Amino acid sequence: MNDVRYLAPRTLDEAVNALAAAGAAGRILAGGTDLLVQMRSGAVKPGVIIDVKRIPEMTAIEETADGGFRIGAAVPGAVLEEHPKLSRVWPGVVEAMDLIGSTQIQGRASPGGNLCNASPAADSVPAMVAAGAVVTVQGPQGRREVPVEKIPAGPGRTTLQPGEIVVSFTLPPRPPGSGDAYLRLIPRTEMDIAVVGCGVSLTLRDGTCTAARVSLGAVAPTVLLVEDAAKALIGSRLEEEALEAAAAACRAACRPINDKRGTIEYRTKIAGVLLKRATAIAAERAGGLH
Amino acid sequence: MNDETMQYRWIGKRTIRPDGVDKVTGRAAYAADGAMPGMIWGKILRSPHPHARIKSINTAKAEALPGVKAVMTGKDLVEFPVETPVPLGIQDMRWMSRNIMARDKVLFPGHPVAAVAATSQRIAEEACKLIEVEYEVLPWVIDVEDAIKPDAPILHDFIKFEGKPSNIAGKLEHKLGDVEAGFAAADVIIERSFRTKPVHQGYIEPHACVVSVSSDGKATIWSSSQGQFMVRAMCAYLTGIPQSDIRAIPAEIGGGFGGKTIIYLEPVALVLARKSGRPVKMQMTREEVFRATGPTSGSFSTVKIGATKDGKIVAAKGTFYLQAGAFPGSPIRGAAGCSFAPYDIPNVHSVGYDVVSNRSKVAAYRAPGAPIGAYAVECVLDELAEALKMDPLELRLKNAAKEGTKAAYGATYPRIGYEETVRAAMEHPHYRAPLGPNQGRGVASGFWFNAGGESSAQVNITEDGNVVVITGHPDIGGSRASIANITAELLGIDYRRVNVLIGDTSTIGFSNLTGGSRVTFASAMVVTQSTEKVITQLRERAAKIWGIDPEAVKWENGEARPAGDNAGKFPPLSLAEIAAKASQTGGPIGAGVQLNTTGAEGGFGTHICDVEVDPQTGIVRVVRYTVIQDVGRAIHPSYVEGQMQGGAVQGIGWALSEEYVYDRNGKVDNAGFLDYRMPVCSDVPMVDTVIIEVPNPKHPQGVRGVGEVPIVPPLAAVSNAVYRATGRRFYSLPMSPPRVLEALEPATAEAA
Amino acid sequence: MAKLHITTTINGEPVEFLCDPTQSMLDVLRDELRLTGTKEGCGSGDCGACSITVDGRLVCSCLMLAAEAEGRSIGTIEGMAQGDRLHPLQRKFLEHAALQCGICTPGILVAAKALLDSNPDPTETEVRYWLAGNLCRCTGYDKIVRAVLDAAAEMREAAR
C-alpha cells in the first residue's frame with residue numbers, strides 16, 4: 001500500500017540513477033509546492049521521492065564566463081529575488097518567479113519545478129522563454145542542452161526522457177540596451193494562477209528594437225514562443241502600429257480554453273493588452289541604466 | 001463616541017482581551033488541536049452524484065480492513081419522517097438529519113453516505129473506498145432560475161407549491177399599504193432584476209471534533225461550533241442519547257460567520273465512538289468544507305421602486321428567489337424582511353421564495369439573506385436617485401426610517417440611528433475627496449434585525465477577591481473582552497482582575513447560538529444582572545461585618561461604603577477584604593442568571609466605496625472604503641471596528657471575486673482557496689470606520705449588536721461605485737474582470 | 001512502510017522524531033510533536049495558516065515533507081515569545097485588536113516576523129504583499145497591517 005521511499009542524494013549521478021531505477025514511480029522533489037499538493041489530492045502517488053536540494057549544482061546561482069547566468073533548477077524563487085545582479089540584469093525572469101504564489105510559496109518554489117510541472121499557466125516559463133534560456137538536462141544517456149521552450153509537451157507533460165532531470169537554466173549574456181519584463185493577469189492582486197502571462201525580452205539600439213522574444217502563458221496547452229510578435233517589434237521604434245501588430249500576433253497565436261479562471265474571449269483580448277504593457281516596461285528597462 | 005463614555009472607566013476602552021495571549025502564542029486550543037487517549041480517526045464517504053437514489057450500501061469489505069473499528073450509515077441515526085416537522089431553533093431535524101447523513105437519496109456531490117473510524121486517517125480513507133454504494137442516478141438542477149422552471153427535476157416529491165410538485169419549498173410575504181396604488185402615484189419608477197452566486201462563509205478553520213462515549217453511554221464532544229447547546233441538542237436528537245448525558249464543550253472557534261450554527265461531524269463521530277468504544281476525531285479537509293458545508297444562497301431578485309419627483313418613495317416591491325440547496329431553509333426572512341427596512345415607505349410588498357436544488361444545504365452567512373436583498377434595493381435606489389437628479393445619500397435621508405416608522409417586516413421602530421449614519425456619510429471627508437481617472441464612488445445602506453435570545457452567566461468572586469465570569473456563548477469576535485469591560489465597570493475594579501470563560505453544556509445554563517449579532521447584547525444583559533446580584537451580596541456581607549442594615553451600604557469604585565454619615569463611620573471594605581471573609585459571613589459569593597433576553601433592536605449602516613477600474617482588463621480594485629454604523633454602545637471599540645471592517649471585506653469579496661463555479665457534471669469546480677477567491681491582504685485598503693452610538697433604550701449598556709450589518713451594504717456600494725467609474729450598471733455578481741470587460745466593450749468582443 | 005528518523009532543531013531546541021516519508025512537516029508538528037500552534041487551513045499552500053520558517057525562510061509547512069527537516073532549523077509560533085516576554089509583534093497584535101477568532105494569527109505572526117527580520121522598515125504596500133499568502137476572514141486585514149507597521153516602528157526605535 002504505502003512503501004514510499006524518500007531519498008536525498010548529494011550528487012546528480014545518484015539522483016539520476018535513483019530516478020531511472022524508480023521508473024514511473026519516481027518523482028523529483030525540489031520545493032514541493034506542486035508535488036505535495038498533488039500527493040495530497042491523490043493525483044500523484046509516487047513510489048520514490050528524490051529530494052534534489054542537497055545537490056550543489058542544482059541549488060547554485062553562478063555567473064558564466066561570458067557574462068550570462070546559470071541558475072540551479074532547485075533554487076527557490078526567494079533566493080533568486082535576493083540575488084542583486086540577477087535582479088538587475090534579468091528583472092523580468094526574477095519578477096516572473098516572484099509572482100508565483102505567496103511569500104511562503106516563493107520560499108520553496110523553483111524554476112525547475114515550475115517548468116517540469118508543465119502547467120500551461122506556469123509563471124516563470126514565459127519569462128525564461130523570452131529570455132532565451134537554455135536548460136541543462138542530465139539523464140542516464142548523459143547531459144544535453146535544450147532551449148527551454150522545447151521542454152513543455154502539454155498540460156502536465158514534458159519532453160524529458162525517463163530518468164532525466166533538469167539541472168540548471170542558463171541565461172545568455174545580455175547585450176547593452178536590453179531589458180525584459182513579465183506581466184500576468186490575475187483577478188486578485190496575488191495568489192491566483194495566471195489567466196494570461198506574457199514575457200517580453202528586447203534589445204534597443206538608438207531607440208530601434210534590434211532583438212526581441214515574446215512568450216505567452218496560460219493561453220495554450222504549453223507556453224508559446226510567439227515569433228510573429230517578435231518580428232513585428234524588431235526593426236521598429238516600438239511605435240503604436242508596431243505594438244498593435246505584435247498584440248495582434250499574440251491574439252492570433254492564442255489557443256486558450258474556457259475554464260474557471262477565464263474565457264477564450266477574455267484571454268485572447270488580454271494577451272494583446274499584456275503584450276503592449278510588458279513591451280513598454282521592457283523598453284524602459286532597456287533604456288535605463290544597469 | 002459620545003460624551004457619556006467619558007464617565008466610564010472600562011466600557012468604551014480598548015482593553016486587552018482575556019484570551020489574547022493564548023491566541024498570539026499558539027496556545028489557544030481549537031477543535032483540531034484536541035486529542036484523547038486511544039483516539040482513532042473518522043472519515044466520511046461522500047456521494048459523487050448531484051442527485052441519485054441510494055439502492056444499496058455494502059460495508060462488509062470496509063469492516064474487514066485491518067485497523068477499521070466502526071462503520072456507520074444513515075440507518076444508524078434516528079429517523080425523522082418527512083411528514084412531521086421537528087423544529088430546533090430555525091432548523092428542522094428532518095433536514096438536518098438527512099443533511100448529515102443521506103437516507104434514501106443523495107442530493108449533492110459531497111453528500112455524506114457512510115463513515116468509517118479506523119486507527120489512522122489513511123486506513124479510514126482506504127476503508128471508505130471499499131464501501132460499495134449502488135446509485136440510481138437522477139437528473140439534477142442547481143441554479144435557482146432553473147430549479148423553478150416547470151420542467152425542472154424535482155428534488156423532493158413531498159414538496160408542493162400551489163398544489164403541484166415543486167422545488168419551491170416555502171414563501172414569505174410582507175405587505176404594507178397598497179403597492180399598486182403607490183406605483184400609480186409615482187412619477188419615476190425603476191424596476192430591475194439581479195443575480196448573485198452562492199458564496200461561502202470562508203472561515204479559515206475547517207470543521208473538526210473529538211468525541212468520546214464511555215461504556216455507560218455518557219458522551220463528551222469537543223468541537224468547533226457556534227453553539228455548544230445546539231451541538232448537544234442535535235446530537236441528542238440524532239442518537240437518542242439524553243441531553244443530560246452529553247457534554248458539549250466549545251473549543252476556541254476559528255471563524256464561523258453562521259456556517260457553524262449547524263453541525264456535520266459530531267453525530268457521525270458519536271455513533272462511531274459508541275460503536276468502536278474509542279474516542280473518534282474527525283476534521284474536514286478544505287475541499288470537504290467547500291463541497292459539503294453550507295454556502296449561502298445564489299439568488300434571483302426583482303425590485304421595483306417608485307417615487308414622486310420630489311424624491312419621496314411611494315411604493316416598493318421586491319421578489320427574492322433564494323437557493324436553499326438540498327433541503328428547505330434558505331434565508332428568505334432576511335431578504336424579504338431587511339431589504340426595505342432602512343426606509344419609511346408607505347406601500348411595500350416583499351416576497352421571498354425558498355427554492356431547493358442540488359447543491360449543499362445552505363447554512364447561515366452573516367445577516368443571512370439581507371445582503372442579497374439589499375444588493376437589489378440599494379442598486380435600484382442608486383438608479384432612482386440618478387433619475388431624480390438627487391444625490392444618493394440625499395434620497396436616503398429624505399426617506400430615512402425613524403422612531404415610529406413601521407417596517408414592512410412588522411416592527412415599529414423605537415429610537416434608531418439610521419439617519420445619523422447617512423448624515424455622517426454626507427459629512428465624512430471620504431464623500432468629498434477628489435477622484436482620479438477611472439475611479440468612481442458608490443454608497444449603500446443596510447439593516448439587520450439583530451437578536452436577543454437565551455443566555456446564561458455565572459459571576460463568582462474568588463477567595464482572593466477576583467472575579468470569574470462564565471458565559472454560554474462561544475467567542476468568535478472578542479466578546480470576552482467586552483464582558484470583562486462590563487463586569488469590571490459594574491464592580492469598579494481593574495478589568496485584569498476579571499477572567500471570562502466560556503462554559504460547556506454541563507457547566508453553564510442554556511445559552512443560544514453565537515450569531516445574530518447577539519452575543520454582546522445577550523451576555524451583557526445576563527452578566528449585568530448577575531453582577532448586580534453579586535453587588536447586592538457584597539453589600540449584605542459588608543453590612544454583616546459592620547453590624548448595620550444592608551440598605552445602609554453602597555458599592556462604589558470597587559468598595560463597600562456606608563451610604564451616609566448616620567450609617568456609621570466605617571472605613572471602606574474592598575472586594576478582596578469581603579471575599580476573604582466570605583465563609584464567615586454566609587458562604588461563597590456569586591450569582592447566576594438565565595434569561596431569554598429581549599429588547600434587541602435592529603442595526604443600520606451606510607457605506608462609502610471608491611473603486612478604480614482598469615478599462616483594458618476589467619479589473620476592479622477598491623481604493624477607499626468607509627463603514628458607518630449605529631451600534632448602540634461600543635463596549636470595546638476595537639472589536640466593534642473589527643466587525644465593521646471584517647464584514648465589509650467579506651462583502652467586497654462577494655461583489656468582486658467570490659462565487660461557486662460548477663462543472664458540467666454538477667460538481668463544484670473551485671473547491672479550494674486557490675480558485676474560490678477571497679480577498680487577500682493586498683486586495684483591500686485600510687477600512688475606515690465611524691461608530692455611531694444611539695443607545696438601545698432596552699439594554700443596560702445600550703448595546704444594539706454590530707456583527708452582521710457590515711456585510712449588508714457592500715454588494716451595492718461596490719456596484720454603484722463601479723457604475724460611476726465605468727458608466728455601466730451591473731446586475732449580477734461577482735463583477736469579475738471578464739464580466740466587467742465584456743460590459744465595457746460589448747460591440748468589439750475580439751475573437752481569437 | 002519504514003519510518004524515517006529525523007534530527008532537527010525546532011525553536012532553538014534539538015528535536016528528534018520518527019515520520020512516514022509522505023508525512024508533511026505540518027502533520028508531524030501537530031500530531032507527533034504536539035506543537036499545535038501551527039494550524040491547517042487548507043493543506044495546499046493557499047492560506048498560510050501553517051506558516052513556519054526553515055533556516056529563517058518563510059514557508060508553508062503543509063508543502064514540506066517532515067523528512068526535509070533533517071539538519072535544518074525550524075521556527076514556529078511557539079518560539080516567538082521569550083518565556084513570558086511577548087515579541088513586539090505579539091504585543092502589538094493584542095493592542096491593535098489585530099485578531100478576532102485567532103486561527104490565522106500564528107501564521108500571520110510568523111510571516112510578519114520573517115518580514116521584519118528581512119525588512120525592518122516596510123511600507124504599507126510591502127506589508128500587504130508580503131502577507132498576501134496569509135488569509136484572514138475576520139478582520140479585513142486593516143488592524144493586522146497597522147499592528148505590523150507599529151511593531152516595526154517600535155523595533156526600529158529599540159534598535160537605535
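Buried residues account for 58% of the 290 residues of chain A. This is a predicted model, and the legends below take its chains, domains and contacts in turn.

**Figure 1. Chain A has 12 helices and 14 strands.** The C-alpha trace of chain A spans about 60 × 45 × 35 Å along its principal axes. The radius of gyration of chain A is 19 Å. A compact globule of 290 residues would come near 19 Å, so chain A agrees with that rule. Take the contacts in chain A between residues at least 6 apart in sequence: 65% of them join residues at least 24 apart.

**Figure 2. The contact between chain A and chain C takes 24 residues from chain A and 25 residues from chain C.** Four elements of chain A give two or more residues each to the side that touches chain C. They are strand E1 (5–7), helix H2 (35–41), strand E3 (48–51) and helix H7 (103–106). H2(A) gives the most, with 4 residues. By class, this side of chain A has 9 nonpolar, 9 polar and 6 charged residues.

**Figure 3. Chain C is built from 5 helices and 5 strands.** Along the sequence, the pattern of chain C reads β-β-α-β-β-β-α-α-α-α. The C-alpha trace of chain C spans about 50 × 35 × 25 Å along its principal axes. Chain C has a radius of gyration of 16 Å. For 160 residues a compact globule would have a value near 15 Å, so chain C agrees. Of the 160 residues of chain C, 64% are buried. Among contacts in chain C between residues at least 6 apart in sequence, 60% join residues at least 24 apart.

**Figure 4. Chain C is assigned domain 1 (4–79) and domain 2 (88–159).** The C-alpha centres of domain 1 and domain 2 of chain C are separated by 22 Å. Their contact takes 16 residues from domain 1 of chain C and 12 residues from domain 2 of chain C. On the domain 1 side, the largest share comes from strand E3 (residues 51–54) of chain C, with 3 residues. By class, the side of domain 1 of chain C that touches domain 2 of chain C holds 6 nonpolar, 9 polar and 1 charged.

**Figure 5. Chain C meets chain B through 41 residues of chain C and 42 residues of chain B.** Helices H2 (88–95), H3 (105–118), H4 (124–130) and H5 (142–159) of chain C each supply at least two residues of the side that touches chain B. That side of chain C divides into 22 nonpolar, 12 polar and 7 charged residues.

**Figure 6. Chain B has 21 helices and 30 strands.** The C-alpha trace of chain B spans about 90 × 75 × 50 Å along its principal axes. The radius of gyration of chain B is 27 Å. With 752 residues, a compact globule would have a value near 27 Å, so chain B agrees. Of the 752 residues of chain B, 62% count as buried. Among contacts in chain B with a separation of 6 or more, 81% are between residues 24 or more positions apart.

**Figure 7. Three domains are assigned in chain B.** Domain 1 of chain B covers 3–27 + 452–597. Domain 2 of chain B covers 34–138 + 205–254 + 260–292. Domain 3 of chain B covers 299–450 + 601–744. The C-alpha centres of domain 2 and domain 3 of chain B lie 36 Å apart.

**Figure 8. In chain B, 17 residues of domain 2 are in contact with 18 residues of domain 3.** Helix H3 (93–100) and helix H9 (286–292) of chain B each supply at least two residues of the domain 2 side. H9(B) gives the most to this side, with 5 residues. The side of domain 2 of chain B that touches domain 3 of chain B has 8 nonpolar, 5 polar and 4 charged residues.

**Figure 9. The largest nonpolar core has 409 residues.** Cys250(A), Val268(B) and Val718(B) touch the most other members of this core. Helix H11 (residues 370–387) of chain B gives the largest share of the core, 11 residues. Leaving aside residues up to four places away in sequence, Val268(B) touches Gly42(B), Ile44(B), Met72(B), Ile100(B), Met101(B), Ala115(B) and Met282(B).

Note on methods:
Residues are numbered from 1 along each chain as its sequence is written. Chains are lettered from A and ligands numbered from 1 in the order in which they are written. This is a predicted model: local features need pLDDT of at least 70, side-chain atom pairs count only at pLDDT 80 or more; totals for chains, interfaces and linings use all residues. Two residues are in contact if their C-beta atoms, placed from the backbone, lie within 7 Å. Ala, Val, Leu, Ile, Met, Phe, Trp, Tyr, Cys and Pro count as nonpolar, Asp, Glu, Lys and Arg as charged, and the others, Gly among them, as polar. The radius of gyration is taken over C-alpha atoms; the globule rule is 2.2 Å times the number of residues to the power 0.38. A residue is buried if 20 or more other C-beta atoms lie within 10 Å of its own, exposed if 12 or fewer, and partly exposed in between; C-beta atoms are placed from the backbone. Domain bounds come from an automatic or database domain assignment. A nonpolar core is a set of buried Ala, Val, Leu, Ile, Met, Phe, Trp, Tyr and Cys residues joined through C-beta atoms within 7 Å.
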